[in-house]
Amino acid sequence: MSENVEKGAFFSSIIKAAALSVIVSLVGALIFALVLSFTNLDSGVIKTVNQFIKILAVFLGCFFFIKDNAGLFKGLISGALSAFITYLIFALISGVGINFGAEFFIDLAFTAVIGAISGIIAVNVKKD
């Protein structure tokens with residue numbers, strides 16, 4: 001029974017971290033879209049800000065929900081999961097369609113690495 005509880009806690013923290021990451025990404029993208037409606041920014045700036053939003057979202061998800069141990073693996077999985085879910089949501093919203101091309105896999109790998117780093121930081125920061 002203890003093993004099942006541990007597995008449940010392991011996956012629960014991953015799901016919660018990914019969910020918070022998705023929510024922060026959506027809110028960040030909406031706020032940035034509002035800013036874009038009032039400004040005329042270069043496409044390079046837009047890509048940079050979108051990456052920053054993604055990094056911040058994954059970090060916050062990991063920081064608040066990954067605890068105790070296995071931060072590398074929990075962060076890696078939650079980062080990849082949040083990238084996958086966010087991609088699906090934005091693909092559906094934009095109406096462009098789902099295309100699992102090279103750009104998607106690069107983004108997935110990038111977000112997974114950010115998640116892994118964030119998970120390591122999260123388990124090593126003392127939480128009261």
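Me: Which helix gives the largest share of the nonpolar patch?
Reply: This is a predicted model, in which local features need pLDDT of at least 70, side-chain atom pairs count only at pLDDT 80 or more, and totals for chains, interfaces and linings use all residues. Residues are numbered from 1 along each chain as its sequence is written, and side-chain values use heavy atoms, with hydrogens and water left out. The patch consists of F84, I85, L92, I98, F100 and F105; patch residues have over 30% relative accessible area and no salt bridge, with nonpolar side chains (Val, Leu, Ile, Met, Phe, Trp, Tyr) joined within 5 Å and like charges within 9 Å. A salt bridge is a side-chain nitrogen of Lys or Arg within 4 Å of a carboxyl oxygen of Asp or Glu, and the largest share of the patch, three residues, comes from helix α3 (residues 71-94).

Me: How much accessible area do the residues of this patch have together?
Reply: Accessible areas come from the Shrake-Rupley method with a 1.4 Å probe, and for residues only the protein chains shown count as cover. For F84, I85, L92, I98, F100 and F105 together, the area is about 570 Å².

Me: Is F100 buried, partly exposed or exposed?
Reply: F100 sits in the loop between α3 and α4 (102-124). Buried means under 20% relative accessible area, exposed over 50%, and partly exposed in between (1.4 Å probe, protein chains only). F100 has a relative accessible area of 39%, so F100 is partly exposed.

Me: Which residues make up the largest nonpolar core?
Reply: A nonpolar core is a set of buried Ala, Val, Leu, Ile, Met, Phe, Trp, Tyr and Cys residues joined through side-chain atoms within 4.5 Å. The largest has six residues: A17, V58, C62, I66, I114 and A122. At least two residues of this core come from each of α2 (43-65) and α4.

Me: How many helices does the chain have?
Reply: Helices (H or I, at least four residues) and strands (E, at least two) are DSSP runs, numbered from the N terminus. Along the sequence the pattern is α-α-α-α. The chain has zero strands, and the number of helices is four.
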